[in-house]
Amino acid sequence: MMEVVILTDRHRGSYRVIEDLYVRSFASLGLRVHKEATPTTLSAREDLSQKHSGRVVFHNTLGDGFVPLKRCRNVALPAHEWNRYPRSWVELLNAFDGVWVTTSHVSRLLMESGLKRLPLLRPPALDLETLTEKEMWTNSRPFRFFSCGEAHFRKGHHLLVAGFLKAFPEPGEATLSIKTSPDCDWESPRSNVRFIAEKWSRSEMLSSYAGYDAYATASLAEGLGLPVAESLSARLPVVANYWGGHADLLAEGAFVRISHEEIIQPFASRPEFYAEGQHCAFSSPDEVAESLRRMVGLSSSERETMATAAKEEFLRNYGSEATLGPMKKALEELS
């Protein structure tokens with residue numbers, strides 16, 4: 001049995017989810033997986049190098065965490081949202097034996113930022129978790145929108161809320177529930193906007209989508225967009241822009257598109273995250289409002305047809321049949 005290792009930034013919740021998705025995919029291929037925390041010191045890296053000598057090691061980390069282990073075959077799993085990657089991070093990736101990405105957006109931005117080798121599009125299979133699928137399609141009154149994301153400017157919650165309030169001035173028309181991080185202390189601007197600042201288990205998260213009428217996001221940039229992928233799996237109709245990772249997940253005509261303008265990305269969470277020339281997809285509140293109203297205006301049968309077609313296309317690219325074969329071949333070439 002082939003054994004692989006995955007090193008993950010355990011303090012980053014989304015990275016733990018990606019770790020689990022890759023572990024499930026590797027296990028489906030009959031591999032044994034060793035899970036470790038990303039080492040942060042030279043001695044910790046040396047200990048792991050000795051422990052896993054000769055194995056394929058996947059690095060599920062960020063920025064200066066991309067340090068290859070000696071005597072191992074090292075594969076980087078970079079995720080990024082904006083369309084440029086910091087130069088110092090690219091130089092670290094160039095020392096790896098391979099780079100795997102989840103979307104063509106990430107592949108393209110890495111190449112345009114100076115990566116010397118072509119990344120492999122090797123996402124995990126996104127159909128291996130138990131997820132509640134939507135089955136009831138009658139129009140709700142009020143119409144129930146759902147969104148998800150940390151309380152961070154990149155997620156565009158400010159744009160989504162502003163657009164929602166413009167689209168539905170009467171509280172009885174629609175509701176918007178945003179699942180965010182437990183430390184979020186935002187106050188609701190109106191009774192039909194709810195911030196769910198709670199810690200949910202993975203099973204609670206995956207069972208939640210089917211209880212709503214549509215998923216909506218005004219995110220400025222996504223490397224993948226896992227909540228959108230989960231909505232598609234749950235057959236929940238999606239309102240989103242068509243930029244970044246979303247463009248790999250969404251099929252034309254199978255979602256309600258929010259118009260956007262590609263603009264210079266003016267903010268950085270930390271200086272080392274910034275690269276000159278970074279762009280993002282900005283949707284104005286008016287554009288968000290128009291798309292939300294368009295979703296509500298669809299009939300129940302139209303939304304069911306849309307969501308069914310969207311899931312079929314999504315699985316063609318991110319289901320087990322599409323992903324596991326190429327993943328197995330890439331692993332054989334590394335071993």
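Begin by selecting Glu133 and Arg235, which form a salt bridge with the closest N and O atoms 3.1 Å apart (a salt bridge being a side-chain nitrogen of Lys or Arg within 4 Å of a carboxyl oxygen of Asp or Glu). Glu133 lies in the loop between strand E6 (120–121) and E7, and Arg235 in the loop between helix H7 (226–233) and strand E11 (238–240), so the pair ties together parts that are 102 residues apart in sequence. Arg235 is buried at 14% relative accessibility, whereas Glu133, at 31%, is partly exposed (buried means under 20% relative accessible area, exposed over 50%, and partly exposed in between, with a 1.4 Å probe and protein chains only).

This is a predicted model, in which local features need pLDDT of at least 70 and side-chain atom pairs count only at pLDDT 80 or more, while totals for chains, interfaces and linings use all residues. Residues are numbered from 1 along each chain as its sequence is written, and side-chain values use heavy atoms, without hydrogens and water.

Next, select Arg154 and Glu81, whose side chains meet in a salt bridge at 3.7 Å, N to O. Arg154 lies in the loop between E7 and H5 and Glu81 in the loop between strand E4 (73–76) and H3, so this pair ties together parts 73 residues apart in sequence. Both belong to a network of salt bridges that also links Lys155 and Glu222.

Finally, move to Asp248, which is buried yet has no salt bridge, the nearest side chain of opposite charge, Arg108, being 6.1 Å away (Lys and Arg count as positive and Asp and Glu as negative, with His and the chain ends not counted).

Technical notes:
Helix = DSSP H or I, 4+ residues; strand = E, 2+ residues; numbered from the N terminus.
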